[in-house]
Amino acid sequence: MKLRGVHHIGLTVSDMDRAISFYEKVFGGSAVFTFRLPLERVQSLLGTSRPDVEGMVTWVRLPGAALELFWFAPAKAAEPLLWNRPGCTHFALAVSGIQDWYARMLGFEVACLGAPRQHGEAWFFYITDPDG
């Protein structure tokens with residue numbers, strides 16, 4: 001038995017079209033399929049019995065993995081990211097030519113949280129997605 005890698009990452013987004021456009025345009029991803037979630041599944045995921053909830057999923061393929069984008073209505077407002085709160089704080093993408101990627105992000109007006117910097121052998125920089 002052997003772990004082969006990360007298959008996909010799930011993200012809840014506030015605007016599905018905007019998120020798809022972001023990951024396709026900025027990272028060269030490709031939305032491969034979209035489907036509406038059955039009412040019972042949405043109710044289960046949201047922990048509610050409300051009959052007026054809905055949900056949708058879109059898979060965006062990136063090199064080496066995929067993003068599973070979720071959208072729900074009614075939506076909840078995004079909360080500020082607190083790094084000391086348990087849960088996912090970020091995910092990292094492996095690239096070559098980090099300075100070129102940084103310039104690309106600036107060209108697409110993606111919010112960058114500082115310029116590329118080095119930690120040991122690795123170079124990195126942080127960005128935010130359309131939901132912050």
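In the predicted model, strand β1 and strand β4 (residues 65-73) pair in the parallel sense through five bridges, pairing being assigned where DSSP finds at least two bridges between two strands. Strands (E, at least two residues) and helices (H or I, at least four) are DSSP runs numbered from the N terminus. Within this pair, G10 lies opposite E68 of β4. The two strands belong to an open four-stranded sheet of order β1-β4-β3-β2, in which the pairing is mixed. Because β1 (8-12) and β2 (30-36) each have a single partner strand, they stand at the edges, and one side of each is left without a neighbour in the sheet. From one strand to the next, the twist averages 20 degrees.

Helix α1 (residues 16-27) and helix α3 (residues 98-107) have axes that come within 10 Å and cross at roughly 135 degrees. Axes are lines fitted to C-alpha atoms, for helices over the stretch in contact, with angles running from 0 to 180 degrees between N-to-C directions. The contact (heavy atoms within 4.5 Å) is formed by K25, V26 and F27 of α1 together with W101, R104 and M105 of α3. By class, this contact of α1 with α3 comprises four nonpolar, no polar and two charged residues, where Ala, Val, Leu, Ile, Met, Phe, Trp, Tyr, Cys and Pro count as nonpolar, Asp, Glu, Lys and Arg as charged, and the others, Gly among them, as polar.

Residues are numbered from 1 along each chain as its sequence is written, and side-chain values use heavy atoms, with hydrogens and water left out. As the model is predicted, local features need pLDDT of at least 70 and side-chain atom pairs count only at pLDDT 80 or more, whereas totals for chains, interfaces and linings use all residues.
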